[in-house]
Amino acid sequence: MAALPGFVGGALKAKLENVSRTDLKARAQRISEAYRAGGGSTVIRSDLDALAYAVVRMPATYAAVRAALAQTLEIIPDFAPRTLLDIGAGPGTATWAASDAWPSLERAALIDENAHLLALAETMPAPSLDVSPQRAALAAALSGAKAADVVMASYVLTELPDASLRATLGRLWDKAARLLVIVEPGTPDGFKRILACRDALIGFGAQIVAPCSHEAGCPLADAERWCHFNARVPRNRDHIVAKDAIVPFEDEKFCYLAAGKGFAPLARGRRVLATPKVDKSAVTLTLCAPDVPVQQRISRRDKDAYRAAKRLDWGDAIAENRSRTS
Ligand SMILES: C[S@@+](CC[C@H](N)C(=O)[O-])C[C@H]1O[C@@H](n2cnc3c(N)ncnc32)[C@H](O)[C@@H]1O
C-alpha cells in the first residue's frame, strides 16, 4: 500500500487545521458526484474545494501512479531521469509519485489550468526537487513547454475532448525525451483511451515499456474484460470522515501505459492480467501475449514452479522461466 509521502500528508494536515469537517465532507461529495457524472475538475472552484479533492482523491491517484511506476521500474531499472513535465498536474500527485520512484529527479514543471489545485501543489515542499508550477491550458502551454526526460499525464486525458486526444498525445510524445506515462481510471472507458494512445504511440515509433509484454495487437482489445490493475490505498481519519467510509483502505482501479524512446531491447516478461486462480492441483495464470491472452497452468506436481506461481499477483510480470522479472 503506497501512502502519500510525509511532506504531502503534512501539508494537507496543516491546511486542515480549523476546517469544518462537515463542510469538507459536503465539498468532497459534490466533487465526487460531479466526477461520477462525467464532469471534470472545473467543479473545483476554491482553495477549500481543492483541499477536499486532495483529501478524498489524492491518496488513490497517488497509489495508482506509484503502482504504475513500480511496474515500469521493473522493466527499466537503470533509468534515472532528471527532469519531469507533469501535465494536468492538479495538486502534484504524479510528480510526488515520480520523485518517490526516481530519486534522481531534479526539476519538475507542473502545468494545470486550475489555480486552486496548483496553489495546493505549491504548499507541498518536496525535498530536493525544484518545482515550477505554471497555470495554463494544455493546448497553449505544451507548445512552449521544455522537453523533459519523463512526461506524466495522470487522470487528465479523461478530461480532454476525445477529438483532441491524438493531437495532444503527439505534443506529449514530442516533449518526452525518454518516457511518457499515462494513467487513467481503471474503467472500460479509461482502457479505451489507453488503447487509442497505445495504437497512436506505436505508430509514432514508441517502445511500450509497460504494462504490455509486446507491441503487437492487445489481447484484450476486443475482449469483454479490459486491462487494468488495482492499488490498495490506506485511508487516514480525515479521508474516512470525508468519504463517510468504514474500512481503513480502499481499492483504486487504474489503467496505464508507459511508452519509451531509446531504451535497449526490453526484457518485459509476461504481465499477469488477472488474479491468479489457485486450487489444490494447480495455479492458473492469465498472461499478456500478442492478440489473445495465454492461460498457463502450473501443476502442483511441479513443486518449485507451483510455489513461485502462488506468490504471483495480478499485475506482476513474469519471465518465460516463470520467475518474476524483478
Ligand atoms: C482529475 S485531476 C488529476 C490531477 C493529478 N494529475 C492527479 O493525478 O491527481 C485532472 C487535472 O487536469 C487539469 N486539466 C484538465 N483539463 C485541462 C486542460 N485543458 N489544461 C490544463 N489542465 C487541465 C484539471 O485542472 C485537473 O487539475
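Me: Where does the ligand sit?
Reply: Keep in mind that this is a predicted model. Look for the pockets in it, and you'll find the ligand in the largest pocket.

Me: How many residues surround the ligand, and which are the closest?
Reply: The shell around the ligand is made of 10 nonpolar, 7 polar and 3 charged residues. That gives 20 residues around the ligand, and the closest are Gly88, Thr93, Asp112, Leu138 and Ser154.

Me: How far is an oxygen atom of the ligand from an N or O atom in the side chain of Asp112?
Reply: A pair of N or O atoms counts as a polar contact if the two are within 3.5 Å. With Tyr53, a side-chain N or O atom is 3.3 Å from a ligand oxygen. For the side chain of Asp112, the distance from an N or O atom to an oxygen of the ligand is 2.5 Å.

Me: How much of the ligand's accessible area does the protein cover?
Reply: On its own, the ligand has 590 Å² of accessible area. The share of this that the protein covers is 93%.

Me: Is Leu287 buried or exposed?
Reply: Leu287 is part of strand E11, which spans residues 282-287. Val272 is 15 residues away from Leu287 in sequence, yet their C-alpha atoms are 4.8 Å apart. The relative accessible area of Leu287 is 1%, and the cut-off is under 20%, so Leu287 is buried.

Methods:
Residues numbered from 1 in each chain as written. Predicted model: local features only at pLDDT ≥ 70, side-chain atom pairs only at ≥ 80, totals over all residues. Heavy atoms only, no water. Near = heavy atom within 4 Å. Polar contact = N/O pair within 3.5 Å; in protein donor to acceptor, adjacent residues only side chain to side chain. Areas by Shrake-Rupley, 256 points an atom, 1.4 Å probe, with all protein chains shown as cover. 1 Å grid on protein atoms, 1.4 Å probe; cavity = no way out; pocket = protein on both sides within 12 Å on 5 of 7 lines; lining within 4 Å. Sits in = over half its atoms within 2 Å of the grid points. Nonpolar A, V, L, I, M, F, W, Y, C, P; charged D, E, K, R; others polar. Helix = DSSP H or I, 4+ residues; strand = E, 2+ residues; numbered from the N terminus. Buried < 20%, exposed > 50% of the residue type's maximum accessible area, 1.4 Å probe, protein only.
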